[in-house]
Amino acid sequence: MTTTSATSSNSLSSLLSSLTGNTATGSNSSSSSSSSGSSSSSSSSSTGSSSSTSGLISSLGIGSGLNVTSIVTALVNARSAAPQQQITTQTNQINATLGGLSSLNQALTQLQSALTTLTTASTYASYNATLTQLNGTNSIGTATTMASAQPGNYTVAVSQLATAQQRASAAVSSTAAVGAGTLTIGVGANSMNITVSATNTLSDIAAAINSSSSNPGVTATIINGTNGQQLMLSSSKTGVSNGFTISASGSSSAGLQSLATGLNTPGSNEAVDAKLTINGIAVSSPTNTVTGAMDGVTLNLTSTGTNALSVAQNPATAQTAIQSFVTAYNSYVSTVSSLSSYNQSSGTAGVLLGDATLTSVNNQINSVLSGAVKGNAIGTLAMLGITRQADGTLSVDSTKLNNGLNSNMNAVQNLFMGANGYATKLNATVNTFTSTGGIIATRTTNLNNQLTQLGQQQTALNSRMAVYQSQLQQQYTALDTLMSTLNNTSTYLTTALAQLTNSNSKN
């Protein structure tokens with residue numbers, strides 16, 4: 001028993017001694033390890049702090065596993081969502097309105113272009129002139145009309161066409177000198193002087209005449225005939241008044257004076273005026289284009305003979321102008337219908353649905369077209385064959401329109417371009433919207449100013465959000481760094497405790 005007790009006591013003492021030594025060793029080891037770990041942790045923390053900026057730039061949250069980028073982006077988007085939506089919505093609405101106003105303005109401008117034609121007097125003063133051969137004679141030419149023409153039937157007999165004066169000199173050798181002196185060539189009150197030297201040939205004289213800056217209307221041509229070279233002078237214009245005269249100065253040589261005398265002697269190709277009669281009334285013209293003999297009618301003569309001339313009003317120009325107006329108006333109606341439409345099935349509305357400008361212009365145009373022109377023999381568009389359809393467009397009864405144009409062109413003209421005419425009043429109405437300082441231009445300017453203000457608001461919002469984002473990044477980066485440090489400390493403590501436990505377990 002005594003032996004056993006001593007043995008047990010020695011074993012317990014040895015165990016305690018062993019445990020104490022191990023504990024001390026472990027404590028020292030732990031202390032050393034702790035010191036080393038602290039040093040390592042401190043170094044790690046210091047290193048992490050010094051490289052936090054580059055870590056943030058390369059991959060936010062990489063130290064702690066926290067997704068800083070996603071968090072910051074979500075917070076910034078949440079903060080900017082409401083003001084951004086307001087700016088975007090207003091911008092889209094304004095741009096849509098601007099597009100709608102542009103389409104409306106274009107439709108009105110096209111309508112106004114058609115109205116301009118209807119308010120031009122020449123649209124209703126168009127005539128046709130027709131020449132018809134009589135008694136088997138030649139066609140005397142063609143006839144054209146102007147706005148001042150009057151309808152009627154006439155007989156035009158042409159007995160002579162206008163010609164230009166032509167004279168030729170006597171034949172001489174191509175190398176022969178004519179003689180020195182001065183030639184004076186005149187047409188009417190105008191003249192030119194040609195200085196001729198002792199060595200000049202006919203070719204030299206012709207060149208001097210054609211190149212003279214004071215040439216009154218004479219053309220010189222060299223004809224190389226069988227008997228030699230001849231100088232031909234021709235008036236540039238037909239008619240007696242455009243005939244030329246030629247003379248040589250008293251000091252000129254005999255050869256030059258002889259040349260002048262020959263060219264100043266009348267021959268077989270003298271200038272004459274055109275001669276004709278219109279319903280027996282004698283008419284002459286220096287040219288074969290006869291103007292002024294009849295109001296608004298020009299005769300282009302090409303031959304002698306007798307023709308019947310018929311001048312009749314041509315409704316085609318006015319008819320085309322009216323049809324163009326109807327087409328432009330229907331295009332305008334189509335544009336208005338699209339801009340003010342609403343689709344119940346899709347809930348889609350036209351960009352100018354309920355817009356005050358669109359409503360105003362439409363009401364004013366409808367008011368003009370629905371009225372009548374007081375004091376006019378036709379009175380309304382419907383009486384001329386232009387009626388409004390169920391969809392608001394206009395339709396033209398061509399037969400009724402032609403009858404009105406052929407029977408009373410003056411009334412049609414007054415219906416559109418009179419002081420109270422449809423085209424006159426519509427043009428004035430449309431102009432208040434389409435003019436440079438008109439309603440549409442003013443609204444467009446105001447809307448563009450609003451877009452500028454929204455752009456400034458967008459810039460300010462972007463600036464605020466950039467500052468907010470920077471602040472968040474700094475805050476969450478600091479949090480990320482702190483969490484990384486705490487994670488490192490936690491890892492160290494966990495490892496140290498595990499080592500201590502393992503050591504005690506072994507002992």
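Predicted model: local features only at pLDDT ≥ 70, side-chain atom pairs only at ≥ 80, totals over all residues.
Q160 belongs to strand β3, residues 152-160. That strand pairs with β10 in the antiparallel sense, over four bridges. On its other pairing, β10 is joined to strand β11, residues 281-285, again in the antiparallel sense and over five bridges. One of the positions to look at there is A274, whose bridge partner in β11 is S285. The hairpin of β10 and β11 has two residues between the strands, and N279 in that hairpin takes a positive phi near 55°.

Which residues of β10 are on its covered face, and which on its uncovered one? The strand runs over residues 274-278, with A274, L276 and I278 on the covered face. K275 and T277 make up the uncovered face.

Now the helices. Helix α5 covers residues 254-263, and its buried residues are L256, L259, A260 and L263. Why do they count as being on the same side of α5? Because the arc they cover around the axis is only 95°. As background, an α-helix has 3.6 residues a turn, so residues three or four places apart point the same way. Turned away from that buried side is a face with the exposed residues A254 and T261. The cover over the buried residues of α5 comes from several elements, including the strands β4 (166-168), β5 (181-187), β6, β8 (228-235) and β9 (244-248), and also α4 (202-211).

Helix α8, residues 398-407, can be described in the same terms. Its buried residues are L401, G404 and L405. These sit on the same side of α8, because they cover an arc of only 95° around the axis. The face turned away from the buried side carries T399, N406 and S407, which are exposed. Among the elements covering the buried residues of α8 are α6 (316-339), β18 (394-396) and α9 (409-417).

Is T195 itself buried or exposed? Its relative accessibility is 66%, so T195 counts as exposed. Leaving aside neighbours within four places in sequence, T195 is in contact with G181 and N200. The C-alpha atoms of T195 and A180 are separated by 7.8 Å, with the two residues 15 apart along the chain.

T429 is the other one, and it is found in helix α10, residues 422-434. This threonine has a relative accessible area of 12%, so it is buried. Not counting residues up to four places away in sequence, T429 touches Q364 and V368.

Last, the surface. Which residues make the nonpolar surface patch of about 270 Å²? They are L479, L482 and L486. L482 lies in helix α11, residues 439-506. With a relative accessible area of 47%, L482 is partly exposed.

To recap the threonines: T195 is exposed, and T429 is buried. That is what I have.

Notes: Residues numbered from 1 in each chain as written. Heavy atoms only, no water. Buried < 20%, exposed > 50% of the residue type's maximum accessible area, 1.4 Å probe, protein only. Pairing = 2+ DSSP bridges. Patch = residues over 30% accessible without salt bridge, like charges linked within 9 Å, V, L, I, M, F, W, Y side chains within 5 Å. Areas by Shrake-Rupley, 256 points an atom, 1.4 Å probe, with all protein chains shown as cover. Salt bridge = Lys/Arg side-chain N within 4 Å of Asp/Glu carboxyl O. Contact = heavy atoms within 4.5 Å. Arc of directions from axis to C-beta.
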